[in-house]
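Dear colleague,

I am handing over the structure below, and after it you will find my notes on what was found. Please read them with the model open beside you.

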Amino acid sequence: MTIELITASAAKLFEKDFDLGFMRSFRASGQHEKARLLQMCQEMGWHGLVIDEDRGGFGYPLEVLCALLQELGCAAFPALYFSHFVAPLLTLDSVTGSPAKQRLLEAIANCESTPVMATNSSTAESFAGVAAFRIEEAAAGASICGSAELVCDVDSATLLIVPALRSDGKIALFAVEKNQPGVHIGERVDQAYGRTFSVTCSSVLAGDVTELDVLPRSRLRDVYSRCAIAQSAVLIGNAQRAMAFAVEHILVRKQFGKLLAEFQAVQHQAADMYRAVDVAQLFLREALEQRDSDGLLESASCCKAWTNDAAFQVSATSHQLMGGTGYMQETNLQLLTSLALRGQYEFGSADYHREVIATLALRK
């Protein structure tokens, strides 16, 4: 019942106030509506879905979050919700019950803090900050040094969660304010990928920031897998909406005096789209069942690898069925496709996850 209520309220909101026309204008005009979208997420209570009830949230499991993310994918919602309230909170969920963590969760639940992971999500290693940030010992004390590229939504964040590699191979997790001395943020504009940022820490003293916990890499690997599952849910919603546009088109468009839907070749293409999305949903269900087991890594990689390919296949087929109208920037399908192409590389490409699956198979 909880899932139905959340998804129904989200669908109604997107249909009434934040439809695809709004999302297109948001993408075209820049970030001036970003604060409004963040406020909407907070007013709807979505920012606290996975935060424990005793810290001001709802304490819902990953299934509920993924159900909402599918609706966000259908609505072509920008990545800011995932950047602020999915990846950081799933990371904090892996942290032991330290007082610093509890205070941070309360601040997020009370809308006093908006975090973002100062990491690149292309691989599990980059997400853990292994090649980005490190702890260096000096006479003045331990300091955080290094930089991360392609970090999303830093402009709307108030707090950076920075994973830094220690000399013993473990990862220290820090909460760092954006205006902290030694923190430098640069903007990068890319027409294909959108607006991203670089985050550089130049000798930021560890004693001047909040250390949340020290984690083994394996625990952040599990966080990465859960984020990959969550990103798969976004892609499934995106593919469902793109498929709906294509099916609606072939049911009204005529060619040679017949509806496009009456041609057998078109029917085969539509069937292939449905199959791709249905199998992606099965992989998602399996991954959610394995989220707290030893099979998490393999099931998450299978889910993300298939879903990446499925989202691309559905988008490409929808464009083919709709012809030139699907390629124009004024159309909703073009918006969905651009977000699907970006989502394929968030938390692992299909090739990356297939390598993970192959490595696991060789170990058995």
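Contact, as I use the word here, means heavy atoms within 4.5 Å. In that sense, and leaving aside its neighbours within four places in sequence, His 249 is in contact with Leu 260, Leu 321 and Met 322. Before going further, please note that this is a predicted model, in which local features need pLDDT of at least 70 and side-chain atom pairs count only at pLDDT 80 or more, while totals for chains, interfaces and linings use all residues. Residues are numbered from 1 along each chain as its sequence is written, and side-chain values use heavy atoms, with hydrogens and water left out.

His 249 has its place in helix α9; helices (H or I, at least four residues) and strands (E, at least two) are DSSP runs, numbered from the N terminus. Its relative accessibility is 17%, so His 249 counts as buried, where buried means under 20% relative accessible area, exposed over 50% and partly exposed in between (1.4 Å probe, protein chains only). From Leu 68, His 249 is separated by 181 residues in sequence and by 27 Å in space, C-alpha to C-alpha.

Thr 307, in helix α11 (residues 296-322), is also a buried position, because its relative accessibility is 2%. With neighbours within four places in sequence set aside, the contacts of Thr 307 are Ser 232, Leu 235, Ile 236 and Ala 280.

As for the whole, the protein chain has 13 helices and 10 strands, and 54% of its 364 residues count as buried. A compact globule of 364 residues would have a radius of gyration near 21 Å, and the chain, at 21 Å, agrees with this; the radius is taken over C-alpha atoms, and the globule rule is 2.2 Å times the number of residues to the power 0.38. Among contacts with a separation of 6 or more, 72% are between residues 24 or more positions apart.

Turning to the strands, β5 (residues 171-177) is mostly covered, with 6 of its 7 residues buried. Strand β4 (residues 159-165) pairs with β5 in the antiparallel sense over 7 bridges, two strands being paired if DSSP finds at least two bridges between them. Within this arrangement Leu 160 stands opposite Val 176 in β5, and in the hairpin of the two strands, which has 5 residues between them, Gly 169 takes a positive phi near 90°. Strand β5 is also joined by 5 bridges to β8 (residues 210-215), again running antiparallel, and there Phe 174 has Glu 211 in β8 as its bridge partner.

Finally, the structure holds 12 aromatic pairs; rings of Phe, Tyr and Trp (its six-membered ring) pair if their centres lie within 6.5 Å, and planes under 30 degrees apart count as stacked, over 60 as edge-to-face and the rest as tilted. The rings of Tyr 224 and Phe 347 have centres 5.5 Å apart and planes at 50°, so this pair is tilted. It links distant parts of the chain, with Tyr 224 in helix α9 (residues 217-250) and Phe 347 in the loop between α12 (332-343) and α13 (350-363), 123 residues apart. Tyr 224 is buried at 0% relative accessibility, and Phe 347 is buried with a relative accessible area of 4%. Elsewhere, ring pairs link Phe 14, Trp 46, Phe 77, Tyr 81 and Phe 85 into a cluster.

With kind regards
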